[in-house]
Amino acid sequence: MEDQSLMTDYLHEGERLDDLQRDGLMIIQNPSWFCFGIDAVLLSAFARVGEGERVMDLCTGNGVIPLLLSARTKASHIDGLEIQADIADMAARSVSYNDLSDRIKITEGDVKEAVKIYSAASFNVVTCNPPYLKEDGGLINPTDHKAVARHEIMLSLSDVIEVSTKLLVSGGHFYMVHRPFRLAEIFCEMVKNNLEPKRMRMVYPMASKEPNMVLIEGVRGGNSGVVVEKPLIVYADDGVYTDEVRDLYVS
């Protein structure tokens, strides 16, 4: 009876309830649309949030980053903004299921309109796991959930950085995960918007491979100077998570 009630109250057709393996948190996902990846887990661990700070997660998707940050940090409130109505609804149901509505709010809306929705300089921390790939004029279906998550159909890298800067208070911190091949463009956009790059960490799938992700921290109005942290290796030679990555799921 309880399972049937769960299906009725929280889960829609094609959805499932997955264990985040942290503080008993669960997340609703639809594998036909997309499921969160390790990039979201790494970003939530890379971000530093002080007690009582207010956090905005842009391109929040199914809300995995707000959920993880609610467990990892003592943020006073975490907002998530998602342009796709059905994805935003799914994220909001996860928040409700975990009884976190007092700390997390999911809003359906366009990142480019975020300053109108929330007002400028209203967050201490902004996080974002944005689309990694440029649209490049190809035949991409703008209603395909996976395409919107992967390609800059709805917004560009420039939009993400410009809006993030406007949402942050002076001295506020920006955290993003992206692809290394766009690193020069990322840094140029950040500096142009007075969002000074301060910390960077390359992520390697294995020690013998090239990096496929980069974690970046910026500070609004910060002084110049970037700390490059030691590489993060995801898999050991035997194909299992390294100790550091495994610990991210349980600590």
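Two strands are taken to pair if DSSP finds at least two bridges between them. In the predicted model, strand β7 (residues 168–178) meets this criterion with β9, to which it is joined by six bridges in an antiparallel arrangement. Within this pairing, Val177 lies opposite Leu215 of β9. Strand β8 (residues 195–206) likewise runs antiparallel to β9, and eight bridges join the two. Here Met202 is the residue that stands opposite Val214 in β9. β8 and β9 together form a hairpin, with six residues separating the strands. Of the eight residues of β9 (residues 213–220), seven are buried, so this strand is largely enclosed by the rest of the structure.

Aromatic contacts were examined next. A pair of aromatic rings is described by the distance of the centres and the angle of the planes. Four aromatic pairs were counted in the model. In one of them, the ring centres of Tyr118 and Phe123 are 5.6 Å apart and the planes stand at 75°; because angles over 60 degrees count as edge-to-face, the pair is assigned to that class. Tyr118 and Phe123 are both buried. The rings of Tyr235 and Tyr241 have centres 5.2 Å apart and planes at 20°, and this pair is therefore stacked. Tyr235 is partly exposed, with a relative accessibility of 33%, and Tyr241 is also partly exposed, at 31% relative accessible area.

A contact between a charge and a ring involves strand β8 (residues 195–206) through Arg199, whose charged end sits over the ring of Phe46 at 3.8 Å from the ring centre.

How values were computed
Residues are numbered from 1 along each chain as its sequence is written. This is a predicted model: local features need pLDDT of at least 70, side-chain atom pairs count only at pLDDT 80 or more; totals for chains, interfaces and linings use all residues. Side-chain values use heavy atoms; hydrogens and water are left out. Buried means under 20% relative accessible area, exposed over 50%, partly exposed in between (1.4 Å probe, protein chains only). Helices (H or I, at least four residues) and strands (E, at least two) are DSSP runs, numbered from the N terminus. Rings of Phe, Tyr and Trp (its six-membered ring) pair if their centres lie within 6.5 Å; planes under 30 degrees apart count as stacked, over 60 as edge-to-face and the rest as tilted. A charge sits over a ring if NZ of Lys or CZ of Arg is within 6 Å of the ring centre and within 35 degrees of the ring normal.
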